[in-house]
Amino acid sequence: MQVLQVQLEIRPDPAEVGRARRWARARLCGSGIGDDEPLAETLILLVSELVTNAVVHTGRPAVLRLLLSGLRDGVVGKVRLEVADGSACPPAPRCADSEEAGGRGLALVDVLADRWGWSHEGAGKRIWCELDRVAPGTSGAASGVGASGGASGVGGGTVAPAVYPACSAVTGVAAVARESLVRDGLAFEAV
């Protein structure tokens with residue numbers, strides 16, 4: 001399997017978020033993932049969330065990386081997005097009130113990505129997420145791929161919202177986005 005890795009240096013400036021989205025969209029298009037694919041739209045949203053977190057919460061330069069893993073026929077099968085920054089503070093999911101404008105970024109990452117996590121890197125950290133590309137016309141359940149990377153549940157189509165400790169279930173935008181993506185054929189675990 002081939003892996004293409006590209007990266008972009010990010011300055012600690014909120015204007016960098018738009019530049020990161022444009023850069024990522026161009027890299028995806030160049031790898032055969034069209035603008036109109038739900039995968040591209042989801043990845044651009046994830047780029048926005050993770051780069052915004054790095055810029056707003058660390059105030060330090062960061063590095064955005066895209067790793068595109070190919071299948072045997074050369075088609076991208078998995079996309080990994082990483083943002084490395086110089087802050088050692090771990091990511092902290094929040095439970096935002098309905099009136100707050102922010103605080104939902106990691107909840108969206110949790111809902112939209114097939115996998116995500118973070119690790120220490122030097123004096124800072126690396127936050128990553130992955131999305132599996134589902135062939136057009138198939139669903140995650142049909143392909144046997146779930147959010148945890150294992151076999152998905154049978155029937156139903158009900159998607160459980162993410163739950164964080166000391167919080168109620170993630171609802172609203174995140175739950176609607178997840179249900180919408182399930183209908184569009186992206187791989188999520190049905191429970």
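## Burial of a charged residue

A residue counts as buried when its relative accessible area is under 20%, as exposed when that area is over 50%, and as partly exposed in between. In this predicted model, R115 has a relative accessible area of 21% and is therefore partly exposed. D132, with a relative accessible area of 14%, is buried.

These two residues form a salt bridge in which the closest N and O atoms are 2.7 Å apart. Because R115 belongs to strand β4 (residues 115-121) and D132 to strand β5, the pair ties together parts that are 17 residues apart in sequence.

The structure holds 13 salt bridges, among them one in which the side chains of R80 and E130 meet with an N to O distance of 2.9 Å. R80 lies in strand β3 and E130 in strand β5, so this contact ties together parts that are 50 residues apart in sequence. E130 is buried, its relative accessible area being 8%.

A salt bridge also brings together the side chains of R126 and E82, with 2.4 Å from N to O. Here the arginine, R126, is in strand β5 and the glutamate, E82, is in strand β3, so the pair ties together parts that are 44 residues apart in sequence. E82 counts as buried, at 5% relative accessibility.

## The largest pocket

About 490 Å³ of space lies in the largest pocket. Its lining is made up of 27 residues, of which N53, H57, A92, G105 and L106 are the closest to the pocket centre. The elements that give two or more residues to this lining are α2 (38-58), β3 (76-85), α3 (105-112) and β5 (124-132), and α2 gives the most, with 8 residues.

Sorted by class, the lining of the largest pocket has 14 nonpolar residues, along with 8 polar and 5 charged ones.

Technical notes. Residues are numbered from 1 along each chain as its sequence is written. This is a predicted model: local features need pLDDT of at least 70, side-chain atom pairs count only at pLDDT 80 or more; totals for chains, interfaces and linings use all residues. Side-chain values use heavy atoms; hydrogens and water are left out. On a 1 Å grid over the protein atoms alone, a cavity is a set of points where a 1.4 Å probe fits but cannot get out, and a pocket is an open set with protein on both sides within 12 Å along at least five of seven lines; lining residues have an atom within 4 Å of a point. Grid points are joined across faces, edges and corners, and a volume is the space filled by probe spheres set on the points. Helices (H or I, at least four residues) and strands (E, at least two) are DSSP runs, numbered from the N terminus. Ala, Val, Leu, Ile, Met, Phe, Trp, Tyr, Cys and Pro count as nonpolar, Asp, Glu, Lys and Arg as charged, and the others, Gly among them, as polar. A salt bridge is a side-chain nitrogen of Lys or Arg within 4 Å of a carboxyl oxygen of Asp or Glu. Buried means under 20% relative accessible area, exposed over 50%, partly exposed in between (1.4 Å probe, protein chains only).
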